Amino acid sequence: MRMMLGAGLLAVAMGATAVSKEAEPVRFHANARVELDAHGVPRQVQVNEKLPPAIRSVVEQQVMQWRFEPAQVNGVAMAGVTHVFLDACLAPLPGDGMSVAMNYRHHGPGYASGAPLLSPPRFPPSAARYNQEGSFRVVAQIGEDGRAKIASVETVSGSLKPFEQALRDWVTSMRYLPEEVDGKPIATRVVYPVAFSLPNVSIKQLREEQRDAARQSAECQAAVGESKDPQRPVVLDSPFKLKEAG
């Protein structure tokens, strides 16, 4: 599913202990477990506990306004559980305030680690030695037990052979928190665009470019605009469809 929706931009009061007045805009990712009633309305949102309390509160308020099409079982709408992922950004306001910009990224099964992003696969040393690169579209089958396996791999560029084992090891090492329908976990397929690219810029240069990009927009427009992240997962068959983001 490639639905992208508008995001909310909220201002929250945060004390000087949370962030300094000289702080620059900071982009980050957020995730939450969402319990939905049979109408697709969130009834409980559990935001990643690693985020500061003030940010968790803002994310919870935002996601509670979302509306989903509920799962259907034999034509009957059911309550369930999904996991949502967002791009977000903090930008300083005059005084002690911060603006928090958030944009829907995707929803589906969560990660057992609780992380808001999945760590990329390991670059095979043999491929790096011969300057080999490649990009692929990996479809992972997520079982009801939270384990994953490769359903298919499509080569977008390069050759699959140098990277095939790394992709298989990566997918089978994943552990998920499956979505639930009527209290039961369900299987799901997720598409992961994966690119094995050798770095052509230094880490210092990359960090400077990221900092400059954030500084150029006081309101972190990169976070609230449509996501153009080529590595964004796409969940193919979640029983829940996002209709509206508040």
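Me: How many helices and strands are there in the protein chain?
Reply: The protein chain has five helices and 17 strands. Please keep in mind that this is a predicted model.

Me: What share of the residues is buried?
Reply: Of the 246 residues in the protein chain, 41% are buried. The accessible surface of the chain is about 13100 Å², and carbon and sulfur atoms account for 50% of that surface.

Me: And the contacts, what share joins residues at least 24 apart?
Reply: That share is 76%, counted among contacts between residues at least 6 apart in sequence.

Me: Let us turn to the open sheet. In which order do its four strands come?
Reply: The order is E11-E10-E15-E16, with antiparallel pairing. Strand E11 (148-158) and strand E16 (234-235) are the edge strands, each pairing on one side only.

Me: How many bridges link E10 and E11?
Reply: Nine bridges join strand E10, residues 134-142, to E11 in the antiparallel sense. As one example, Gln141 has Lys149 in E11 as its bridge partner.

Me: Which helix lies across these strands?
Reply: Helix H3, residues 164-173, lies across E10, E11 and strand E15 (188-196). The helix runs at about 145° to E11.

Me: A change of topic: which strands supply residues to the lining of the second largest pocket?
Reply: Strands E2 (26-36), E3 (42-47), E7 (80-92) and E9 (110-111) each supply at least two residues of that lining. The pocket holds about 190 Å³ of space. It is lined by 16 residues, and those closest to its centre are Asn31, Arg33, Gln46, Asn48 and Gly114.

Me: What about Asn74, where is it found?
Reply: Asn74 sits in the loop between strand E5 (71-73) and strand E6 (76-78). Its phi is positive, about 55°, although Asn74 is not a glycine.

Me: Is Asn74 buried or exposed, and why?
Reply: Asn74 counts as exposed because its relative accessibility is 79%, and the cut-off for exposed is over 50%.

Me: Where is Asn131 found?
Reply: Asn131 lies in the loop between helix H2 (125-129) and E10. Asn131 has a positive phi of about 55° and is not a glycine. With a relative accessible area of 58%, Asn131 is exposed.

Me: Lastly, where is Ala245?
Reply: Ala245 is in the segment after strand E17 (241-244). Ala245 counts as partly exposed, at 21% relative accessibility. The C-alpha atoms of Ala245 and Arg67 are separated by 6.6 Å, while the two residues are 178 residues apart along the chain.

Technical notes
Residues are numbered from 1 along each chain as its sequence is written. This is a predicted model: local features need pLDDT of at least 70, side-chain atom pairs count only at pLDDT 80 or more; totals for chains, interfaces and linings use all residues. Side-chain values use heavy atoms; hydrogens and water are left out. Two strands pair if DSSP finds at least two bridges between them. Contact means heavy atoms within 4.5 Å. Axes are lines fitted to C-alpha atoms, for helices over the stretch in contact, and angles run from 0 to 180 degrees between N-to-C directions. Buried means under 20% relative accessible area, exposed over 50%, partly exposed in between (1.4 Å probe, protein chains only). Accessible areas come from the Shrake-Rupley method with a 1.4 Å probe; for residues, only the protein chains shown count as cover. On a 1 Å grid over the protein atoms alone, a cavity is a set of points where a 1.4 Å probe fits but cannot get out, and a pocket is an open set with protein on both sides within 12 Å along at least five of seven lines; lining residues have an atom within 4 Å of a point. Grid points are joined across faces, edges and corners, and a volume is the space filled by probe spheres set on the points.
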